Amino acid sequence: MRGDGGALSVDRAPDETPAARGRALADWVAYHCAGRLLRLEPTGGDAGFRRYWRVCWDGPALLAVDAPPATEDSARFVALAQALRANGLNAPTVHVADLE
């Protein structure tokens, strides 16, 4: 993630295939970027099930994260990031999250 840690996260999609989750993520991000999303560019992943995209739009640099709820505990990640930042430590800023 970026040094200042901008991140968006989505936890569900009606269809759980990677392509469908990617389309749902793009729609979700566009909504939260006031319809100004130009595109999502895939970035390198990690050893888990999460997938990451660079948000290409006219706003600040952001990273979108798809974390399937069956395999990832996003609520714990969001809480930990908030706690670290509240204590002055460098951690991602989660601007918007769908944890349901």
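A salt bridge here is a side-chain nitrogen of Lys or Arg within 4 Å of a carboxyl oxygen of Asp or Glu. Keep that cut-off in mind as we look through this predicted model, which holds 6 salt bridges.

Let's start with Asp66 and Arg21, whose side chains meet in a salt bridge with an N to O distance of 2.4 Å. Asp66 belongs to strand β4 and Arg21 to helix α1, so this pair ties together parts that are 45 residues apart in sequence. Are these two residues buried or exposed? Both Asp66 and Arg21 are buried.

Another chain of contacts runs through Glu41. Arg39 forms a salt bridge with Glu41, and their closest N and O atoms are 2.7 Å apart. Arg39 has a relative accessibility of 45%, so it counts as partly exposed. Glu41 is also partly exposed, because its relative accessible area is 26%.

Glu41 forms a salt bridge with Arg54 as well, with 3.4 Å between the closest N and O atoms. This pair links distant parts of the chain, since Glu41 sits in strand β2 and Arg54 in strand β3, 13 residues apart. Arg54 is partly exposed, at 44% relative accessibility. Elsewhere, salt bridges that share partners join Arg21, Arg51 and Asp66 into one network.

## Strand β3 and its neighbours

On one partner, strand β2 (residues 37-42), β3 is joined by 5 bridges and the two run antiparallel. With strand β4 (residues 62-66), β3 also pairs in the antiparallel sense, over 5 bridges. A hairpin of 4 residues connects β3 to β4.

Leu40 stands opposite Val55, while in β4 the bridge partner of Val55 is Leu62.

## The nonpolar core

Which residues make up the largest nonpolar core? There are 11 in all: Leu25, Trp28, Val29, Cys33, Leu37, Leu40, Trp53, Val55, Trp57, Leu62 and Ala64. Helix α1 (18-32) and strands β2, β3 and β4 each supply at least two residues of this core.

Leaving aside residues up to four places away in sequence, Leu37 touches Ala26, Val29, Ala30, Val55, Cys56 and Trp57.

Definitions and conventions
Residues are numbered from 1 along each chain as its sequence is written. This is a predicted model: local features need pLDDT of at least 70, side-chain atom pairs count only at pLDDT 80 or more; totals for chains, interfaces and linings use all residues. Side-chain values use heavy atoms; hydrogens and water are left out. Two strands pair if DSSP finds at least two bridges between them. A nonpolar core is a set of buried Ala, Val, Leu, Ile, Met, Phe, Trp, Tyr and Cys residues joined through side-chain atoms within 4.5 Å. Buried means under 20% relative accessible area, exposed over 50%, partly exposed in between (1.4 Å probe, protein chains only). Contact means heavy atoms within 4.5 Å.
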